[in-house]
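Open the model in your viewer and keep the selection tool at hand. Each stop below tells you what to pick and what to look for.

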Amino acid sequence: MLRRTGTCLTACTLSLVLALPTQAQPPGRYEAPDLTRGASVTAGGDYGLPSLTRAGSQAISGEEYLLGRAWLRQFRARAPEWQDAIAQDYVESLVARLLPHSGLGDARTAVTLVESRLLNAFAVPGGVIGVNAGLFAFAEREAELASVVAHELGHLSQRHYARGQARAEQTQIPAMAAMLAGMLIAAGGGGDAGIAAAMGSQAAVIQDQLSYSRRFEQEADRVGLQAMADAGYQPGAMVEMFRAMQRMVSLQGGNPPEFLLTHPVTESRISDTQARADQLSVTAPRDGDLHYQLVRARALLAIHDRDPQQASTRLAQDQAPEAARRYLDALIDARAGRTDRALRELDALTQSYPDLAMLPASAAQLAFEAGRIDEAINRSRRQLRLMPDYAPTRRLLGEALLQRDPDEAYRVLRELADDRPEDPQVFTLLAEAAGRSGREAWGHLARAEQLQLTGRIDRAIRQLEVAKQVAEREGNSTAASHIERRREDFIGYRETLEEF
C-alpha cells in the first residue's frame with residue numbers, strides 16, 4: 001500500500017515499484033554478457049552492482065545511476081516506446097554532442113523515445129533522457145530541439161533532483177527513489193495523461209516534489225545555453241522555443257503542454273535567457289538541420305499514422321526543406337505499396353546527400369518491409385562497407401538475415417548487443433537468431449536479458465531457469481555456468497532493492 005508523509009512518497013514504495021535488476025556497473029563501462037562462450041564479463045563473474053545502502057560519495061556515479069536505470073526499465077514496461085532505430089540514433093548523437101559541454105563529463109546516458117504526440121522531454125537522475133515524438137513535431141529546427149535537451153542536461157549536471165530534496169546526503173537517495181517511484185505510479189494511470197505525468201517529471205501525485213525552483217530553471221537555462229553555443233547551436237533558439245510555447249498556451253486557452261508544468265516560462269525568464277544568449281557566440285556553427293528535418297518527418301508520420309497526409313501538410317506549412325518533403329513522400333509511397341517509386345526517390349536523395357547515413361538505411365528498411373529480403377541484405381551490406389558503425393543498418397541486416405542465414409544473423413546481432421547492452425529490441429532479435437541457429441540455451445538467455453531490460457524481472461529469472469535446464473540437457477556446461485551466474489545476479493540485485 002502506498003503511503004504519503006507530508007508531500008513526499010515514502011521509500012517503502014520501492015519494494016513495489018523498483019524491484020528489478022539493472023546491469024549498471026558504475027563508474028566503469030558495462031560489458032554485455034558474451035552469448036557465444038558464456039565467459040564472465042568481469043573476474044569471478046562480479047557485475048559490480050552498486051549498493052543502495054552504503055554511505056559515501058557515490059550518489060551521482062553509483063546510486064543515482066542505478067536508480068535511473070531501474071526507473072527506465074519500469075518505464076519501458078508502462079509507456080509506449082517509439083521504436084524507431086533511426087530516430088533513436090539521431091537523438092543519441094544529439095545528446096552525445098551536447099554532453100561534453102553540459103558539465104556532465106563522460107557520464108553514460110540512456111535515451112528513450114516515447115510514442116506520444118504530447119510536447120515533452122524529461123531527464124531522470126542517473127543520465128536517462130526521454131523525448132516524445134511530439135517534441136519533434138513542435139520544434140521546427142534542430143537548434144530548438146537541442147535547446148530542450150540541453151536544458152534537461154543542465155538539470156542533471158546541477159543535480160537539481162537531489163538538491164531539491166533539501167535533505168542530508170545520507171537521505172537524498174531514499175527521497176529520490178521515492179520520487180522516481182511516484183513517477184511510475186503516475187505513469188500507471190494509462191493513456192497520454194498518465195504517461196505525461198511520468199515523462200514531464202511532475203504532475204499527478206508528485207507535482208509538489210518535482211516542481212523546479214526559479215533558481216534551478218535559471219541554472220539549467222545557463223548551462224543549456226552555454227552547451228548549445230559550444231556544440232555549434234545558436235543559443236537564441238532557446239528563446240524562440242520559449243516564445244513558441246507561450247503562443248501554444250495562449251492558443252489552447254491557458255492549458256500548457258506537459259513540459260511547462262514544471263518548466264514555467266515567464267516574461268522575466270525569457271528576457272533573462274535572451275540577455276544571456278546575446279552574450280554568447282558560436283565559433284563553429286553546425287549545418288545539420290537537414291538531418292533533423294528528415295527525422296522530424298519520421299516523427300510526424302508516427303504521430304499521424306492513420307492519416308499520413310497530415311504529416312506532409314505539416315512539413316509544407318513549416319516550409320521544411322524540399323529534401324525532407326521528398327523523403328516523407330517516399331515513406332508515404334512505400335506505405336501505399338509504391339515501393340519502386342519510393343526506393344528511386346531515396347536513392348536519388350542518397351546521391352545528393354551521401355553523408356546522411358539514414359537515407360540508404362531508410363531504403364534498406366523499406367525494401368525489408370516490402371518483403372524484398374535479399375535486396376534489404378544487399379543494401380545493408382553495401383552501406384556498412386562505407387559506414388560500418390551505423391547501428392540502425394546493423395540491426396536491420398541482422399533482422400533480414402534471420403530469413404536467410406540465422407547463424408550469420410546471430411553473429412551480427414551478438415556484436416550489436418555488445419555495443420548496445422541497454423537496447424531491448426536488439427536482444428529480442430538476438431534471442432530469435434539464437435533459437436533459429438541452434439543455440440537454444442543462449443536464446444533463452446538473450447530473452448531473459450530483454451525481459452529484465454523492460455522491467456519484467458520475475459519473468460526474466462524464470463527464463464534463466466529454463467535456459468539452464470536446456471543447457472544442462474544439451475551438456476553445455478559453459479552455458480549452464482554462465483546462465484547460473486546471471487541468475488544469481490538478477491536475484492541478488494532484486495533482493496538488494498527490496499531490502500532497501
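Select Arg269 first. At 8% relative accessibility, Arg269 is buried, where buried means under 20% relative accessible area, exposed over 50% and partly exposed in between, with a 1.4 Å probe and protein chains only. Asp221 and Arg269 form a salt bridge, with their closest N and O atoms 2.8 Å apart. That term stands for a side-chain nitrogen of Lys or Arg within 4 Å of a carboxyl oxygen of Asp or Glu. The two partners sit in distant parts of the chain, 48 residues apart: Asp221 in helix H10 (residues 214-231), Arg269 in helix H13 (residues 267-278). Helices (H or I, at least four residues) and strands (E, at least two) are DSSP runs, numbered from the N terminus.

A note on what you are viewing. This is a predicted model, in which local features need pLDDT of at least 70 and side-chain atom pairs count only at pLDDT 80 or more, while totals for chains, interfaces and linings use all residues. Residues are numbered from 1 along each chain as its sequence is written, and side-chain values use heavy atoms, leaving out hydrogens and water.

**Zoom out**

Show the whole protein. It has 25 helices and five strands. Of its 500 residues, 58% count as buried. The accessible surface comes to about 20,200 Å², and 46% of that belongs to carbon and sulfur atoms. These areas come from the Shrake-Rupley method with a 1.4 Å probe; for residues, only the protein chains shown count as cover. How many salt bridges does a search of the whole structure find? The search finds 35.

Select Arg372 and Asp340. Their side chains meet in a salt bridge of 2.6 Å, N to O. Arg372 is in the loop between helix H18 (358-369) and helix H19 (373-386), and Asp340 is in helix H17 (residues 339-352), 32 residues apart. Buried or exposed? Arg372 is partly exposed, at 28% relative accessible area. Asp340 is also partly exposed, at 43%. Now widen the selection to Asp347, Glu375 and Arg379. With Asp340 and Arg372, they are linked in a network of salt bridges.

Next, pick Arg473 and Glu440. Here the closest N and O atoms of the salt bridge are 3.6 Å apart. Arg473 lies in helix H24 (residues 457-474) and Glu440 in helix H23 (residues 440-453), so the pair ties together parts that are 33 residues apart in sequence. Arg473 is exposed, with a relative accessible area of 59%. Glu440 is partly exposed, at 34%.

Glu449 is buried, at 0% relative accessibility. Its side chain joins that of Arg486 in a polar contact of 2.9 Å. A polar contact is a pair of N or O atoms within 3.5 Å; within protein, one must be able to donate a hydrogen and the other to accept it, and residues adjacent in sequence count only if both atoms are side-chain atoms. The C-alpha atoms of Glu449 and Phe427 are 6.8 Å apart, although 22 residues separate them along the chain.

Phe427 is one of the buried residues of H22, which also include Val426, Leu429 and Leu430. Helix H22 (residues 424-436) has 13 residues and reaches 19 Å from first C-alpha to last, close to the 18 Å expected at 1.5 Å a residue. That expected span is 1.5 Å times one less than the number of residues. Asp423 caps the N-terminal end of H22, with a side-chain oxygen 3.1 Å from the backbone nitrogen of Gln425. Just after H22, Gly438 takes a positive phi of about 85°.

**Last stop: a hairpin**

Select strand S4 (residues 121-124). Both of its faces are covered: Ala121 and Ala123 on one side, Phe122 and Val124 on the other, are all buried. S4 pairs with strand S5 (residues 128-132) in the antiparallel sense over four bridges; pairing needs at least two bridges found by DSSP. Phe122 stands opposite Gly130 in S5. The two strands form a hairpin with three residues between them, and Gly126 in the turn has a positive phi of about 100°.
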